[in-house]
Amino acid sequence: MKNTIAERILDFLKGFPPFNALNHEQLFAIASEVKVLYLEKDTFLFKQNEDLHDSFYVVKDGAIGVFRGDKLVDECDEGDIFGLRALIRKDHYLLDAKAIEESIVYSISSKLLEDIIINNKKANQFIIASFATNTRNPYSNEDKGTLFANVAILKPEASTFTEVQSVNYSKNPIVCGINTSIKEASLIMSQNKVGSIIITENKLPIGIITDKDLRNKVATGLHPISEQVETIMSKPVMTFPENISVAEAQIAMLTNDISHLCITTDGTSNSDLIGILSEHDIIVIHGNNPSVLIKEIKRATSAESLKYIREKAQDLLKGYLKQSMPISFVSKIISAINDAITKRVIHLSIAEFDKAPPVSFAWLAIGSQGRKEQLLFTDQDNALVYEDIIEESKTKAYFLKLAKSVNDKLAIVGFELCPANMMASNPKWCLSVSDWKSQFTNWITHPDEDKMMLCNIFFDYDIVYGNPNLVSQMSDSIFQAIDNYSIFLNFMGRNVLKNPPPLSFFRNFLVEDSGEHKDQFDIKLRAIMPLVDAARVLILSHNVKEFNSTIARYQKLVELEPQNKDLYESCIYAFRILLRFRTKQGLKNKDSGRYIDVKNLSKSNKLKLKGCFKPIKDIQELLSTRYKLSQML
């Protein structure tokens, strides 16, 4: 007889990761064992410090709030998984889970997690990504919600995102035979200055002794040092292949409460031992990670060597996206690398000159790099400001020559020269601080279409190199001019509305109707920039100058306008999805990722993109109402 309830559960689960990676037989096995829980509002599913349940949970209907005390730290809705990290840690719950509205939750046995989900490669990758990024669903609304298992939340700037890399394990493990005495093994460890020794038999790992074993089993008097190592060794050992990732190693160590993993030829205990991986190795991983790349950048002696390093950063970017690392973290890492490259290029260029800069100056990244949202190799957008001086002509000539050298070197690295010449080597964008202030004031007090376009580019700037005081003076002049001519914000708001929401009346994508990209969707112009431009207008209206990135601006707006929290947070989620989508398209097609062939998109990707368009419509409606733009259009 057909199990209709299980079939309905299966139909629901298959739409969400990691269940969508399972075959029908595996899904049906899970669905048949699911317990359906009905929770009234304010009912707790588990509480902080409560003993671990033998299951994890998926929200079917309603919403489950995850609380630390009285503070709501996350909200899980349809398809979201929670209670998973406690199972991986095999420890009590660190937070409360409570229904914040009438809810139906699926309870899935931890045994099924181990037997089916972990053993499925794609599903396991999802679990690894969730664990490594601290997100409960790294594929849903980007990093919308977090598992918050850690009491202290990892700060983005503290993370180096090495989880996706293969580990750099010790390829010369210290070993001994099973008949070796504890004393002899201890001496071998001491002589080699290691904290562990592997017991092997015919090159196969059969056990391990660590410093901890010696402390707990020998120093306490439980075993004399004359006994053979077999009496105190831990067995069996955990074995993995040499391509194990950092995230996989972390999970293995945490779930098994061990500090060492054996690396073997085929990843099993039945093949030769080729290495050992310790917790210490995880901490001091070397290789293609951001900190190492930035050290290489500082040592680079030419633009050609920087080009090679930046290409390695692209490989890093691909790895991050493959493992679904939060896009806001990824953009910070790649932006830091881009800034480090630019700084090094400036140092190299100055070193080629006969004399030092005549006055202090600052190099500015503008546009997407100024917002720290430049993930792909796109064209350059930059500017230069220098200190006021009487000998203006000679000073400007020096900095134009310097800027030309920097722009040319950045082009060698892979950042093409800007076709519109929005670069510091253009005399228009290489100015003294007084000239920049005058220019900004002119744009604001006499706005027209061209000046509004320039404001959208140049008002997203960030100092990369030089004197921050000059940049601060530029910012102050912008806000002073806006204070004196507040209607400028109405013009900026009207400019945002020039790009309508990306769907037609019939909910079809608005595509290009002619030209080289006919029938393609311009994700930058029609989806990303409306969110970017709206954030800029709103943050300027609050006289806030410390936040340049789109996400940071909306996060600040949540704080400044709590009544619009839901809208601004939805803009953040949409922006993250769109930025990730464009980056993936660019890497796939080896271009800027700007134009997308809608016909080749999967149904799920179309739905994902369409889900981002409502916040665009809503934020434009807010601007229209706030600045009475219907009267200006």
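The stops below cover sheets, a hairpin, a helix pair, an aromatic pair and some backbone details.

The model is predicted, so local features are taken from residues with pLDDT of at least 70 and side-chain atom pairs only at pLDDT 80 or more, while totals for chains, interfaces and linings use all residues. Residues are numbered from 1 along each chain as its sequence is written, and side-chain values use heavy atoms, with hydrogens and water left out.

Select β1 (35–39) and β6 (81–82), the edge strands, each of which pairs on one side only. Helices (H or I, at least four residues) and strands (E, at least two) are DSSP runs, numbered from the N terminus; two strands pair if DSSP finds at least two bridges between them. The open sheet has 4 strands in the order β1-β8-β3-β6, with antiparallel pairing.

Next, display β3 (residues 55–61) with β8 (residues 103–109): the two run antiparallel and are joined by 6 bridges. Within this pair, F56 has I108 of β8 as its bridge partner. Contact here means heavy atoms within 4.5 Å.

**The β4–β5 hairpin**

Move to β4 (residues 64–68) and β5 (residues 71–76), an antiparallel pair with 5 bridges. R68 is partnered by K71 in β5. Of the 2 residues between these strands, select G69, whose phi is positive, near 70°.

**A positive phi and a cis peptide bond**

Most residues other than glycine have a negative phi, and most peptide bonds are trans. Select K193, in the loop between α6 (182–192) and β10 (196–201); its phi is positive, near 55°. Then go to P236, in the loop between α7 (211–218) and β12. The peptide bond from K235 to P236 is cis, with omega near -10°.

**The sheet with three strands**

Here 3 strands form an open sheet of mixed pairing, in the order β12-β13-β14. Because β12 (239–240) and β14 (273–278) each have a single partner strand, one side of each is left without a neighbour in the sheet. Select β13 (residues 260–264), which runs antiparallel to β14 and is joined to it by 5 bridges. C262 stands opposite I276 of β14.

**An aromatic pair**

The structure holds 25 aromatic pairs. Rings of Phe, Tyr and Trp (its six-membered ring) pair if their centres lie within 6.5 Å; planes under 30 degrees apart count as stacked, over 60 as edge-to-face and the rest as tilted. Select F361 and F399: their ring centres are 5.1 Å apart and their planes lie at 50°, so the pair is tilted. F361 belongs to β15 (residues 361–366) and F399 to α13 (residues 392–413), so the pair ties together parts 38 residues apart in sequence.

**The α17–α18 pair**

Finally, select α17 (residues 488–496) and α18 (residues 523–541), whose axes come within 9 Å and cross at roughly 165°. The two helices are therefore roughly antiparallel to each other (angles over 145 degrees count as such). Show the side chains of the contact: L489, M492, G493 and V496 of α17 are among its residues, as are P530, D533 and R536 of α18.

How values were computed. Axes fitted to C-alpha atoms, helices over the stretch in contact; angles between N-to-C directions. Parallel < 35°, antiparallel > 145°, perpendicular 65-115°, else oblique.
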